[in-house]
Amino acid sequence: MCSAISEVLEGHRALDVQFESCGRFPEVLYLVPAPDRQFRRLTQAIADRWPETPPFGGQFTDVIPHLTIALLIEV
């Protein structure tokens with residue numbers, strides 16, 4: 001598995017990204033990467049390599065790159 005991940009990632013450069021703003025999904029507070037295109041490319045490369053396991057189980061047509069910082073749940 002690790003060698004397969006290495007193969008997918010070897011064609012991608014190190015990320016040069018900043019997190020300058022926050023975003024929110026219904027139950028998630030997240031940081032927005034800028035620019036996000038490198039994350040989109042990595043996500044697509046991984047999805048292409050393992051099409052049987054799409055990001056988020058295929059729930060979303062557009063996967064929004066983000067760094068989750070809090071899950072907002074009601075108690």
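Trainee: How many bridges join strand 1 to strand 2?

Mentor: Let's start with the terms. Strands (E, at least two residues) and helices (H or I, at least four) are DSSP runs, numbered from the N terminus. Two strands pair if DSSP finds at least two bridges between them. Here 7 bridges join strand 1 to strand 2, residues 28-34, and the two run antiparallel. Keep in mind that this is a predicted model, where local features need pLDDT of at least 70 and side-chain atom pairs count only at pLDDT 80 or more, while totals for chains, interfaces and linings use all residues. Residues are numbered from 1 along each chain as its sequence is written, and side-chain values use heavy atoms, with hydrogens and water left out.

Trainee: Which residue in strand 2 is the bridge partner of Cys-22?

Mentor: That partner is Leu-31. Gly-23 stands opposite Tyr-30, also in strand 2. The link between strand 1 and strand 2 is a hairpin through 2 residues.

Trainee: In what order do the strands of the sheet come?

Mentor: The sheet is open, with 3 strands in the order 1-2-3 and antiparallel pairing. Strand 1 (18-25) and strand 3 (67-71) are the edge strands, each pairing on one side only. For angles, axes are lines fitted to C-alpha atoms (for helices over the stretch in contact), and the values run from 0 to 180 degrees between N-to-C directions. With direction ignored, neighbouring strands of this sheet are turned by 25 degrees against each other on average.

Trainee: What pattern does the protein follow along the sequence?

Mentor: The pattern reads α-β-β-α-β, from 2 helices and 3 strands. The C-alpha trace spans about 40 × 30 × 20 Å along its principal axes.

Trainee: Which residues of helix 2 are buried?

Mentor: In helix 2, the buried residues are Gln-38, Leu-42, Ala-45 and Ala-47. As background, an α-helix has 3.6 residues a turn, so residues three or four places apart point the same way. The buried residues of helix 2 pack against helix 1 (2-9). Across the protein, 17% of the 75 residues are buried.

Trainee: Why does Gln-38 count as buried?

Mentor: Gln-38 counts as buried because its relative accessibility is 12%. Leaving aside neighbours within four places in sequence, Gln-38 is in contact with Arg-13, Ala-14, Leu-15 and Asp-16.

Trainee: Is Arg-24 buried or exposed?

Mentor: Arg-24, found in strand 1, is exposed, with a relative accessible area of 55%. With neighbours within four places in sequence set aside, Arg-24 is in contact with Tyr-30 and Leu-72. The C-alpha atoms of Arg-24 and Thr-68 are separated by 9.3 Å, although these residues are 44 residues apart along the chain.

Trainee: Where should I look for backbone features in the loops?

Mentor: The peptide bond from Ala-34 to Pro-35 is cis, with omega near -5 degrees. Then look at Phe-56, in the loop between helix 2 and strand 3. Phe-56 is not a glycine, yet it has a positive phi of about 55 degrees.

Trainee: How many aromatic pairs does a search of the whole structure find?

Mentor: Rings of Phe, Tyr and Trp (its six-membered ring) pair if their centres lie within 6.5 Å; planes under 30 degrees apart count as stacked, over 60 as edge-to-face and the rest as tilted. The search finds 2 aromatic pairs. In one of them, the rings of Phe-56 and Phe-60 have centres 5.9 Å apart and planes at 75 degrees, so the pair is edge-to-face. Phe-56 counts as partly exposed at 45% relative accessibility, and Phe-60 counts as partly exposed at 44%.

Key:
Buried means under 20% relative accessible area, exposed over 50%, partly exposed in between (1.4 Å probe, protein chains only). Contact means heavy atoms within 4.5 Å.
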